[in-house]
Amino acid sequence: MEANSYWGSWVEEALSKLESLKLLRSLRPIFLPNCNSIQPKSVENSQLNSSNSHENFEFFNGPHKWDRNSVQVNISEAAFQKWLHDIPSLGTLHVLQFSLFKGDDGLMYGNEGADNEAAASDGKFRKLLVFSGNDYLGLSSHPTVSKAAIKAARAHGMGPRGSALICGYTNYHRLLESSLADLKRKEDCLLCPTGFSANMAFITAVGNVGSLLAGGKPSMNERIAIFSDALNHASIIDGIRLAEKQGSVVAFVYKHCDMCHLDALLSKCPMKKRVVVTDSLFSMDGDFAPMIELVKLRKKHGFLLVIDDAHATFVCGKTGGGAAEKFNCESDVDICLGTLSKAAGCHGGFIACSKKWKLLIQSRGRSFIFSTSTPVPVAAAAHAAVSVAKKERWRRIAIWNRVRDFQALTGIPVTSPIISLVVGSEEKALEASRHLLKLGFHITAIRPPTVPPNSCRLRITLSAVHTVDDLRQLTNALSKCVNFQEIKFLCTNSNSKL
């Protein structure tokens with residue numbers, strides 16, 4: 001019997017220990033009226049595929065003027081000049097007067113006058129086209145999403161303010177969880193305040209399995225072995241570090257997307273309780289985890305397969321189910337974590353899993369337990385966004401068309417809406433970012449510690465509401481500061497090693 005078959009019994013045993021210690025925690029939804037798509041009786045027995053969950057939502061067959069609001073922004077002239085000269089900023093708004101001067105150390109500094117909204121009336125603003133955000137489908141400006149938030153806010157304000165385990169969990173939260181579980185084809189789902197807290201909650205809860213089954217501090221072989229991709233998100237890394245410090249897990253880092261290295265580490269590992277966790281679509285490099293190879297290794301070694309699907313949710317797959325749907329391996333992914341702050345255009349995080357895992361995480365995931373729950377208007381907006389993302393499939397078609405357009409215009413073999421143009425030094429990255437800023441593009445230079453030294457880059461993200469003309473203008477501007485042939489060579493050689 002493989003180890004992944006044992007995970008169900010291990011979680012059951014951990015839950016039994018928690019029950020005997022009276023440490024199981026419950027979510028008890030508060031019913032808020034005027035939530036038209038759910039009735040009081042259905043909160044306790046909600047159906048994950050409720051047919052009327054989006055009956056009051058308005059959907060559209062193509063782009064509208066409001067969609068551009070998700071990729072166009074204005075910044076003050078003062079903010080523009082500070083960015084142009086790489087001057088630290090505290091986010092001051094409406095600066096009337098701004099001048100640059102060189103300090104005794106030879107560096108440039110900004111001199112701000114008094115705050116004054118006259119800056120707005122003077123028209124001292126620059127319009128920028130955003131190619132740096134994570135609103136992949138443009139849903140942050142969708143009227144159905146904003147109307148859902150407004151309606152909930154008018155009816156309930158921000159909703160009950162408290163942690164989900166006390167008074168912050170409502171029928172709005174339950175409806176959102178059900179829609180996400182349905183999207184991910186999992187038995188249930190736990191809503192978290194952020195994607196960061198979702199990863200932290202899950203990993204610390206996993207660590208608790210070893211401690212609970214050992215009846216105290218586990219021995220080395222009783223601990224949980226967590227295998228993590230070298231380029232995983234900071235929230236995964238921090239969660240593992242915390243669990244390690246608590247003495248409940250042992251971490252093994254495998255080379256980025258290197259399945260041979262992962263196979264070797266798993267083969268040498270004496271611990272039975274094993275977890276492999278990976279980003280499904282990597283936020284800085286824009287490449288996918290080798291999902292098919294991971295599934296093969298899961299069958300061979302019997303580990304629990306966990307993916308952080310933050311950047312692939314709603315973007316990949318026919319229904320927007322994410323990377324697992326794209327690669328047709330949804331049943332092989334045991335736990336799927338994600339966020340509502342990217343392609344959903346809203347805010348929050350989630351863990352799609354079994355009911356047993358949900359009960360364990362809500363009982364032992366500290367970042368979930370000790371955080372105030374998502375405000376009701378945000379939960380309402382996110383639920384609307386889930387429905388819009390599933391129904392308006394033209395948005396997924398559009399963003400993948402833009403990926404192909406970018407490749408055709410540059411010759412760079414990009415594979416996702418996240419495009420990483422590695423330029424090398426910090427100075428080169430900043431210079432390229434400034435060049436693009438002058439031409440009206442909002443693209444930031446990514447520098448250490450976010451990426452390793454000498455791998456500084458321009459991180460470009462595409463949206464469903466970008467046009468072909470937007471891409472032509474962008475690639476024309478990029479060609480003046482980036483060598484496409486050099487980038488193409490680096491991408492080709494990098495991909496061949498995976």
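Modeller: Gladly, and please keep in mind throughout that this is a predicted model.

Colleague: Why is Pro377 called buried?

Modeller: Pro377 has a relative accessible area of 7%, and buried means under 20%, so Pro377 is classed as buried. This residue lies in helix α14, which covers residues 376-391.

Colleague: What does Pro377 touch, leaving out residues up to four places away in sequence?

Modeller: Its contacts are Ala149, Ala152, Ala153, Gly157 and Met158, and contact here means heavy atoms within 4.5 Å. Although Pro377 and Ala149 are 228 residues apart along the chain, their C-alpha atoms are separated by 4.4 Å.

Colleague: How do you know that β1 and β4 are paired strands?

Modeller: Pairing needs at least two bridges, and five bridges join β1 (residues 72-76) to β4 (residues 125-130), so the two strands count as paired, running antiparallel. One of the bridge partners is Lys127 in β4, which faces Asn74 in that pairing. Strand β4 is also joined by two bridges to β13 (residues 441-442), and these two run parallel, with His442 in β13 as the bridge partner of Val130.

Colleague: What makes up the lining of the largest cavity, by class?

Modeller: That lining divides into six nonpolar, five polar and no charged residues; among them are Tyr169, His173 and Phe368, around a volume of about 70 Å³. The second largest cavity, of about 50 Å³, has four nonpolar, one polar and four charged residues in its lining, including Lys184, Asp309 and Glu330.

Key. Residues are numbered from 1 along each chain as its sequence is written. This is a predicted model: local features need pLDDT of at least 70, side-chain atom pairs count only at pLDDT 80 or more; totals for chains, interfaces and linings use all residues. Side-chain values use heavy atoms; hydrogens and water are left out. Helices (H or I, at least four residues) and strands (E, at least two) are DSSP runs, numbered from the N terminus. Buried means under 20% relative accessible area, exposed over 50%, partly exposed in between (1.4 Å probe, protein chains only). On a 1 Å grid over the protein atoms alone, a cavity is a set of points where a 1.4 Å probe fits but cannot get out, and a pocket is an open set with protein on both sides within 12 Å along at least five of seven lines; lining residues have an atom within 4 Å of a point. Grid points are joined across faces, edges and corners, and a volume is the space filled by probe spheres set on the points. Ala, Val, Leu, Ile, Met, Phe, Trp, Tyr, Cys and Pro count as nonpolar, Asp, Glu, Lys and Arg as charged, and the others, Gly among them, as polar.
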